[in-house]
Amino acid sequence: MYDGGVYRGEELNELIEDIGGVVIQTTRSSQLLSVTMSIPSEDKKMVTEFCKELGGTVKSVPLAGTEIAVVGPTLGRHHMPHPICDIAESLRRQGAITVVMGLARGRGKLTSQISLEEKMIIDEYDAAIFSLGNFKPCVEAKTDLFSDIRVPVILVSGPRPDGVDDKCDGIVSGVGRKVSRMRTAPERDKLDEIVDLVEKVLDDKRRFLDEDPLFIHPAEIKLLLEEYEPVSMCLRPAPIVLHLDGLRVKVGYEEHRENIGNMMIYGRRLGDVCRLSPSKINDSSIIIKIKTQSEVRQEDLEREGADDP
């Protein structure tokens, strides 16, 4: 990630393109520029030196190319305190795209609920962090909220609950509800612990995907979609968001699914090597899940068998 001024920012983009890299996300605020990029390791020194010429800094961001949901029981002030925002910001500083989400009926130990629609929304992300409260019996009762979420789940709470290790992929205790920012050294250490655990969980997910690699890398599809005018003209923040196994494209599904599905990449229709579906958030985006190499190969064999007389 490059952090610096906007001066000669276009030259940085051209350099990334020349060495075969990809710009994952660009954020501009007044005269400040932040560029998250993926570049060949052998060119890292050259890019770092160029960024220093621009007066900026470069750091490694292990969570780049991921989108993570930070979930609280409700959006009310009782359940959505400062730590949730601090967790989301810590993940952003490591390259992740984050969203903060509150459940509609998460209040109360005995009455907390999560709807099927909310589960399907959370499953659109690469991982989810559930931030619960300060009371151990309440935390243990509310773990049912994420017991059947399909993406990796990390539980963050004040006390460490018992008997819930099999319901989530990791637990960080010592971070409960509080009405002030996490500024002290021990609190910052807890944020680092959460980030490290998220990185470990997503690395495990990457290794699982490597056992049967995706047919095409999400970054290559991103380059293709950037040439599609409705996407390039989209004014929403980060119109294309990379996932570990696909992308989120922030254009309407019904209006654009056919055009995107018919795009050609490596001699194949995008719709043949990916699964396109509408986001569960008001059809605001298209979720693209890339098929694995074995899935595409099996479909090719089935198609050839069907064509044989």
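In this predicted model, Cys274 touches Ile221, Ile288, Lys289, Ile290 and Lys291, leaving aside residues up to four places away in sequence. Cys274 also belongs to the largest nonpolar core, which has 30 residues. Together with Ile221, Leu225, Ile260, Leu270, Ile286 and Ile288, Cys274 is among the residues with the most contacts inside this core. At least two core residues are supplied by each of the helices α7 (218–225), α9 (253–261) and α10 (270–273). The strands β2 (22–29), β10 (240–243), β11 (246–249), β14 (274–278) and β15 (286–290) likewise each supply at least two. Helix α7 gives the most, with four residues. A second, separate core comprises 24 residues, including Ile84, Ile87, Met182 and Leu191.

In one of them, four strands are arranged in the order β2-β3-β1-β4, with antiparallel pairing. Strands β2 and β4 (57–58) stand at the edges with a single partner strand each, so one side of each has no neighbour in the sheet. Within this sheet, strand β1 (residues 2–5) is joined by four bridges to strand β3 (residues 32–38), and the two run antiparallel. Gly5 stands opposite Leu32 of β3. Helix α1 lies across β1, β2 and β3, and runs at about 0° to β3.

Helix α1 (residues 9–18) also packs with helix α2 (residues 44–53), at an angle of about 175° and with the axes 11 Å apart. Because angles over 145 degrees count as roughly antiparallel, α1 and α2 are described as roughly antiparallel to each other. At their contact, Glu11, Leu12 and Leu15 of α1 meet Met46, Val47, Phe50 and Cys51 of α2. By class, this contact has six nonpolar residues, one charged residue and no polar residues.

The other open sheet consists of five strands in the order β6-β5-β7-β8-β9, with parallel pairing. Its edge strands, β6 (97–102) and β9 (170–173), each pair on one side only. From one strand to the next, the twist averages 20°. Strand β5 (residues 67–72) pairs with strand β7 (residues 127–131) in the parallel sense over four bridges. Ala69 has Ala128 in β7 as its bridge partner.

Notes
Residues are numbered from 1 along each chain as its sequence is written. This is a predicted model: local features need pLDDT of at least 70, side-chain atom pairs count only at pLDDT 80 or more; totals for chains, interfaces and linings use all residues. Side-chain values use heavy atoms; hydrogens and water are left out. Axes are lines fitted to C-alpha atoms, for helices over the stretch in contact, and angles run from 0 to 180 degrees between N-to-C directions. Angles under 35 degrees count as roughly parallel, over 145 as roughly antiparallel, 65 to 115 as roughly perpendicular and the rest as oblique. Contact means heavy atoms within 4.5 Å. Ala, Val, Leu, Ile, Met, Phe, Trp, Tyr, Cys and Pro count as nonpolar, Asp, Glu, Lys and Arg as charged, and the others, Gly among them, as polar. A nonpolar core is a set of buried Ala, Val, Leu, Ile, Met, Phe, Trp, Tyr and Cys residues joined through side-chain atoms within 4.5 Å. Buried means under 20% relative accessible area, exposed over 50%, partly exposed in between (1.4 Å probe, protein chains only). Two strands pair if DSSP finds at least two bridges between them.
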